[in-house]
Amino acid sequence: MEQKNKKITYKDAGVDVHAGYEAVRLMKEHTKKTFNAQVLTDLGSFGGMFEIGNGDVLVSGTDGVGTKLKAAFVMDKHDTIGIDCVAMCVNDIVCHGAKPLFFLDYIATGKLRPHVVADIVKGVANGCIQSGSALIGGETAEMPDFYQAGEYDLAGFAVGIVKKEQVINGSGIQEGDVLIGLRSSGIHSNGFSLVRKVYPMKREMLSHEVFSLGKTLGEELLTPTRIYVKTILELIEKYTIKGIAHITGGGFIENIPRMIPAGLAAKVDLASYELPEIFRMLVADAGLEKEDAYNTFNMGIGMVLAVSKEKAGEIAAYINEKTEDTACILGEIVKGEGVILA
């Protein structure tokens, strides 16, 4: 474990977010050449949108599990990592009110081990069941000498559907609206390059029982990403949800603003919920400043909803009483820009 008095940033762990921003900027000149009138570029930020007629819009999202896979390799546990893959995709598209329809996965490895692949797909299937989507296909690629022994990569994509007039995109958010946070199940599937810098992926490290967690570190790290689809779809049937942000890479700082119109900011009350122990550990052991922590991890909140002040209490109560998720009043929309951590 790294020394606690030394600050360890995401960049120290090998992830340069600014290089990522520049890559996206450079990509846009190429992707725009492929667009036609059916591509709705101005409606969404968490999923790609394509209008198919009759007022229907397909919303798609793609992602991988990232370096959380290292924990699965070390623990030799592969039956839940597929849930993460599905979650990272379906949680994105449901931010726009889309009901997931189907999912496809991609598994690449140096040496095909049928029982491991079966465990991976078991997790993918469980994630699809949780999100109400069908696993309709995929690809398994065996590439000798390309991956280290016992390692693989996992990615996938999801497609959902929503009526154009029902797309949730944050355009109606205004000053005074309230933010509701849905609790995460743990680290989910982002920030693991920094996690691995703080906690080396060694069997003895991950098998160690952590008293404050009540489980081993490996069990905590491999806790699957929570899938919020059922709760979100239930909510939008009953209430007006103005905006939804999936808190993944970039944490609060990058993801909440993706749903907020220009000129407005999210003021987050950090005392509104109890910080889970794993994040207390990470902040302390990495020596993270508050802004770095909330710009890297979900910090215990996996989804953020923007709703009217008048309905916020009722919606939060409904979530806590009628769904499998746990909600808190996280903050409010104010004039400004970005995220204000208060």
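Thr323 sits in the loop that runs between helix H12 (309–322) and strand S12 (327–335); helices (H or I, at least four residues) and strands (E, at least two) are DSSP runs, numbered from the N terminus. The model is a predicted one, so local features need pLDDT of at least 70 and side-chain atom pairs count only at pLDDT 80 or more, while totals for chains, interfaces and linings use all residues. Residues are numbered from 1 along each chain as its sequence is written, and side-chain values use heavy atoms, with hydrogens and water left out.

Setting aside neighbours within four places in sequence, Thr323 is in contact (heavy atoms within 4.5 Å) with Thr231, Glu234 and Tyr318.

Another threonine, Thr216, is found in strand S8 (residues 215–216). Thr216 counts as buried because its relative accessibility is 12%. Not counting residues up to four places away in sequence, Thr216 touches Leu206, Ser207, His208, Glu209 and Val210.

Now for the pockets. On a 1 Å grid over the protein atoms alone, a pocket is an open set of points where a 1.4 Å probe fits, with protein on both sides within 12 Å along at least five of seven lines; lining residues have an atom within 4 Å of a point. The largest pocket has a volume of about 1,500 Å³, a volume being the space filled by probe spheres set on the points, with grid points joined across faces, edges and corners. Its lining takes in 44 residues, and the closest to the centre are Val24, Ser45, Thr62, Asp92 and Arg258. At least two lining residues each come from helix H1 (17–31), strand S1 (48–53), strand S2 (56–64), helix H3 (81–93) and helix H9 (251–255). Sorted by class, the lining of the largest pocket holds 16 nonpolar, 21 polar and seven charged residues (Ala, Val, Leu, Ile, Met, Phe, Trp, Tyr, Cys and Pro count as nonpolar, Asp, Glu, Lys and Arg as charged, and the others, Gly among them, as polar).

The second largest pocket holds about 350 Å³ of space. Of its 17 lining residues, Gly97, Val162, Gln166, Ile168 and Ile236 are the closest to its centre. Helix H8 (residues 229–238) gives the most to this lining, with three residues. The classes here are seven nonpolar, seven polar and three charged residues.

Most residues other than glycine have a negative phi. Asn54, in the loop between S1 and S2, has a positive phi of about 60° although it is not a glycine. Asn54 is exposed, with a relative accessible area of 74%. Asp145 lies in the loop between strand S4 (134–142) and strand S5 (152–163), and its phi is positive too, near 70°. Asp145 is exposed, at 80% relative accessible area.

As for domains, UniProt lists "domain: PurM-like N-terminal" (unreviewed entry) at residues 48–162. That span is 33% helix and 40% strand, and its end C-alpha atoms lie 12 Å apart.

How values were computed. UniProt positions are given in the numbering used here, feature names are shortened, and annotations may be inferred rather than shown by experiment. Buried means under 20% relative accessible area, exposed over 50%, partly exposed in between (1.4 Å probe, protein chains only).
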